[in-house]
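Have the model open while you read.

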Amino acid sequence: MPYPYQIKTLEQYHEEYKKSIENPEAFWAEIANQFVWQKKWDKVLSYNFTEPKIEWFAGAQLNITENCIDRHLATHGEEPAIIWEPNNPEERTRIITYNRLHKRVCQVAQMLTNLGVKKGDRVCIYMGMVPELAYAVLGCARIGAIHSVIFGGFSAQSIADRLEDAQATFIITCDGAERGSKNIPLKSVIDDALIGNKLVKKVIVYTRTRTPVAMLKGRDLWWEDEMDYAEHQIEKNGVVSFPAEPMNAEDPLFILYTSGSTGKPKGVVHSIAGYMVWANYTFINVFQYQPGQVHFCTADIGWITGHSYIIYGPLSAGGTSLMYEGIPTWPDAGRFWEIVDKHKVNILYTAPTAIRSLMGFGLDYVKNKDLSSLKILGSVGEPINEEAWHWFSQHIGKGNCPIVDTWWQTETGGIMISNLAGVTPQKPAHATLPLPGVLPVLVDENGNILEGNGVSGNLCIKQAWPGVIRTTYGDHERCRTNYFAAYPNLYFTGDGCLRDAEGNYRITGRVDDVLNVSGHRIGTAEVENAINMHSGVVESAVVGYPHDIKGQGIYAYVIFEGSHHEENLTKQDILQTVSRVIGAIAKPDKIQFVSGLPKTRSGKIMRRILRKIAEGETSNIGDISTLLDPAVVEDIIKGAQ
């Protein structure tokens, strides 16, 4: 069997699960032994959830790129590591073997070293979905630089905030990116983000769209020129080499920014060894991956899903990862199915938003595509509704493919609760059972643990797993208060959850002020701050409401006092402001102008009431007698209708 720790039966799942909870050190030591270490660990695990301080494989040294690339070269160097499908179907597919990937990653490592990047430096990567993005990520890891990938849809202001927070000194970007019919001018967004920045030394620009760009002497460099120069340095007598930097197990691998409920993005830090083991273990077990299979994760590498299940999980398993540059509906709504047919994809891992959107186009785009290569389907980013689950199963999986409904977070590093494809039972709209190493508990508001089945509460995790967040960059106290302070000795996920009569877990949604829009977490405070930057806005309040495609839409209640108040034009101006400040992903779906907001006497906005109105549940608003001005609620209800 190619992966000795791949679970094959339900009985084996229960045995492994029990071992992982009762003796985590022995359990994870056995799995970690399958990886390449430059020096073995002194202790598998020590942790507390109060500071928090978490150490996996302390004392060990390794480099994650040796585990993702070098160790596969002898046995399958000529096998595809990455299949790249371009945005434009007329353009040539690129197939990158493990040997080619090794060479390119060594080149990037040499290029970065030539430019003065050192171990521990933060490198910000803002690129389209091109193979060079994967080379950049792995090139950073090879020299021990900390990569921070920023999704290509964020605005200059959002990038500037992240650069500042990470104290990044180098940037890798593209002239532009192709997404559907759009050409996104990435380099000019970076130029705007760098106004006033004193820290960034170099900006490396990869040519993708041939968009004219401004190149500043001394700061901006072309990727192609620097890579050519590095190529000659890494080739000695026909052998490619760039030694991988020895890293400590708990050194940071990357920072990934996620929305907080306070408005300031949080830099989630993952360290090397634990994250590597977790991404690999979850990939092999949840998807029941077999060598030679083509795994197509449709996420963007700017999000954790792309980190764990396009790059680190599949490559550490010696797998073939398909990377797609475009969007599901371009040039038409059959594009995903065309890619599955063309590349004989075996595993398709996508988001409920994409599934719901494609459902809306009907079956004409599916019927002439050969989807018989598919073995396993997966859903990620938000709970999948039953209608979408059944459509996906019947029309894409043809009733033969298990669907893994995966629940996890940026902070967890990899999948936490999910059925294992074809091994443990699936249940529509339920994440089902925890993975080995994950001990979920449900608690009530007072932190009492709810025992037994048929209960619902706030989802927490009781013991450390290898992929757990280590800190928020530069602000460890924020990590403690966000995740470990709500309930003593527990990691709090921020999600509500139901445990059914059979012990299956069903995620019911966020319990804090964070929205889940198309699988992207967006803080309400972040959106409110952006709306409030518009000159005529006095105050705003943002809530989520059910949305047919996105899962959750953004509903904004806005108090406006501008003199030039033309309602439709003002709404467009506000949307433009949010786009400029955060990016188009955070634009409200509905804006309602109101004269006031429902506030308690202490000035707290009662979002519960606004949520009900947004959901159209105006007959059941609940007690409003404690409000400063209960009449405001009537006005808002009238305006909503």
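1. Where is histidine 520 found? Histidine 520 sits in strand β29, residues 520–523 (helices, H or I with at least four residues, and strands, E with at least two, are DSSP runs numbered from the N terminus). This is a predicted model, so local features need pLDDT of at least 70 and side-chain atom pairs count only at pLDDT 80 or more, while totals for chains, interfaces and linings use all residues. Residues are numbered from 1 along each chain as its sequence is written, and side-chain values use heavy atoms, with hydrogens and water left out.

2. Histidine 520 counts as buried because its relative accessibility is 18% (buried is under 20% relative accessible area, exposed over 50%, partly exposed in between, with a 1.4 Å probe and protein chains only). Neighbours within four places in sequence aside, histidine 520 is in contact with Trp303, Leu515 and Ile585 (contact: heavy atoms within 4.5 Å).

3. Trp303 also turns up in the lining of the largest cavity, with Val149, Ile150, Phe151, Phe154, Arg162, Leu256, Tyr257 and Gly302 (a cavity is a set of points on a 1 Å grid over the protein atoms alone where a 1.4 Å probe fits but cannot get out; lining residues have an atom within 4 Å of a point). Its volume is about 50 Å³ (the space filled by probe spheres set on the points, which are joined across faces, edges and corners).

4. The second largest cavity holds about 40 Å³, and its lining includes Asn63, Met247 and Ile272. Three cavities of 30 Å³ or more are counted.

Methods: On a 1 Å grid over the protein atoms alone, a cavity is a set of points where a 1.4 Å probe fits but cannot get out, and a pocket is an open set with protein on both sides within 12 Å along at least five of seven lines; lining residues have an atom within 4 Å of a point.
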